[in-house]
Amino acid sequence: MLFRFVILGLTLTILVGSIRSTVRAQSASRKPTMVIVHGAWGGSWAFKKVDSILTKRGYTVYRPSLTGQGERVNLASPDIGLTTHINDVVNTILYEDLHDIILVGHSYGGMVITGVADRVADRIRSLVYLDAILPNDGESVMSIQGDRGDFIKPMLKDGFIVPMWVKADQKPPKDVPQSLKTFTETISLKNPAARNLPARYILTVEAGKDPKTDDFALHADRAKQRGWPVSQLTSDHNPQWSAILPLVNALDQ
């Protein structure tokens with residue numbers, strides 16, 4: 001009888017050890033959570049295919065749609081500002097209890113992830129700015145753009161920036177009007193820990209174009225000045241459509 005208990009005990013010890021080793025191996029191979037924040041006028045739908053490929057590669061991906069955008073267009077209001085959108089992503093992180101996050105921001109999404117990092121730096125592993133705005137404290141989209149922001153003037157209507165490239169009878173998914181306040185509200189950055197987070201910049205440049213003349217070259221230069229790695233992807237401003245696999249490979253590093 002004693003012999004049987006000894007054998008049983010040894011078997012259980014070996015089994016528990018094997019389970020622990022398997023769990024450790026799975027934890028070591030498991031990729032981090034990726035939160036992707038879309039750009040102006042868009043929605044999470046824009047990164048659906050990117051999400052699918054990253055998920056197959058082992059990532060857990062979240063794609064929050066910002067208030068008033070995408071499938072949340074029914075909530076659109078001229079009162080929505082940059083802070084609203086920062087809260088959208090912060091609350092996704094808090095309520096989904098996400099940690100060890102790679103936080104990706106595309107275009108206007110760079111404004112958002114910068115504010116998110118300032119709020120929940122302890123939840124973030126690293127930041128990726130994808131052809132995105134990289135603001136300093138006290139800046140807004142419009143203050144950074146300066147005269148280059150004049151292109152939105154013909155699109156202003158009742159407190160919204162209405163994308164002129166969208167047809168009146170176009171069916172979803174599609175770009176939708178965005179509150180002007182999201183472009184005029186300044187960002188407030190107070191958390192020193194956020195400034196020390198690892199980050200990198202991906203500049204998209206169309207084939208044959210000079211990177212120095214790219215609309216987002218200013219932000220890539222800011223990233224270089226901060227000592228961040230800066231890479232270049234041959235694509236228009238929306239690689240999530242025009243260069244999906246190169247984009248996924250760039251994110252999967």
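Which residues of α8 are buried? In this predicted model, the buried set in α8 consists of Ala217, His219, Ala220, Arg222 and Ala223. A helix makes a turn every 3.6 residues, so side chains three or four places apart end up pointing the same way. The buried residues of α8 pack against α5, β8 and β9 (230–234). Just past the end of α8 sits glycine 227, with a positive phi of about 85°.

Zooming out, the chain has 10 helices and nine strands. Of its 253 residues, 47% count as buried. As for contacts between residues at least 6 apart in sequence, 72% join residues at least 24 apart. The chain exposes about 13,400 Å², and 56% of that comes from carbon and sulfur atoms.

Nonpolar side chains tend to be buried together in soluble globular proteins. Here, the largest nonpolar core has 45 residues, and the members that touch the most others are Val89, Leu103, Tyr108, Val112, Val116 and Leu127. Two or more residues of this core come from each of β1 (33–37), α3 (82–95), β3 (101–106), α4 (109–119), β4 (124–130), α5 (141–145), β8 (199–205) and α8 (217–225).

Next, the empty space. Rolling a probe the size of a water molecule over the atoms shows where such space is left. The largest pocket holds about 800 Å³. Its lining is made up of 35 residues, of which Trp41, Ser107, Asp215, Phe216 and His237 are the closest to the centre. The elements that give two or more residues to this lining are α5, β8 and α9 (239–242). By class, the lining of the largest pocket splits into 13 nonpolar, 13 polar and nine charged residues.

The second largest pocket has a volume of about 210 Å³. Thr114, Leu189, Ala194, Arg195 and Arg226 are the closest to its centre among 16 lining residues. At least two residues of this lining come from each of α4, β4 and α7 (192–195), and α4 has the largest share, with three. Nine of the lining residues of the second largest pocket are nonpolar, three are polar and four are charged.

There is also one cavity of 30 Å³ or more, and the largest cavity has a volume of about 30 Å³. Its lining consists of Thr67, Gly68, Gln69, Ala76, Ser77, Ile80, His85, Phe160, Pro177, Gln178, Ser179 and Thr182. Four of these count as nonpolar, eight as polar and none as charged.

Most residues other than glycine have a negative phi, and most peptide bonds are trans. Serine 107, in the loop between β3 and α4, is not a glycine and yet has a positive phi of about 55°. Serine 107 has a relative accessibility of 12% and so counts as buried. Aspartate 131, in the loop between β4 and α5, is another non-glycine residue with a positive phi, near 45°. With a relative accessible area of 1%, aspartate 131 is buried. The peptide bond from proline 172 to proline 173 is cis, with omega near 0°, and proline 173 belongs to the loop between β6 (160–161) and β7 (178–179).

Finally, two arginines in loops. Arginine 123 lies between α4 and β4, and counts as buried because its relative accessibility is 14%, where the limit is under 20%. Beyond residues up to four places away in sequence, arginine 123 touches Ile93, Leu94, Asp97, Leu98, His99, Asp100 and Ile101. Arginine 72, in the loop between β2 (60–62) and α3, comes out at 26% and therefore counts as partly exposed. Not counting residues up to four places away, arginine 72 touches Ser65, Leu66, Thr67 and Asp88. The C-alpha atom of arginine 72 is separated by 10.0 Å from that of serine 44, 28 residues apart along the chain.

Notes:
Residues numbered from 1 in each chain as written. Predicted model: local features only at pLDDT ≥ 70, side-chain atom pairs only at ≥ 80, totals over all residues. Heavy atoms only, no water. Core = buried A, V, L, I, M, F, W, Y, C linked by side-chain atoms within 4.5 Å. Buried < 20%, exposed > 50% of the residue type's maximum accessible area, 1.4 Å probe, protein only. Helix = DSSP H or I, 4+ residues; strand = E, 2+ residues; numbered from the N terminus. 1 Å grid on protein atoms, 1.4 Å probe; cavity = no way out; pocket = protein on both sides within 12 Å on 5 of 7 lines; lining within 4 Å. Points joined across faces, edges and corners; volume = space filled by probe spheres on them. Nonpolar A, V, L, I, M, F, W, Y, C, P; charged D, E, K, R; others polar. Contact = heavy atoms within 4.5 Å. Areas by Shrake-Rupley, 256 points an atom, 1.4 Å probe, with all protein chains shown as cover.
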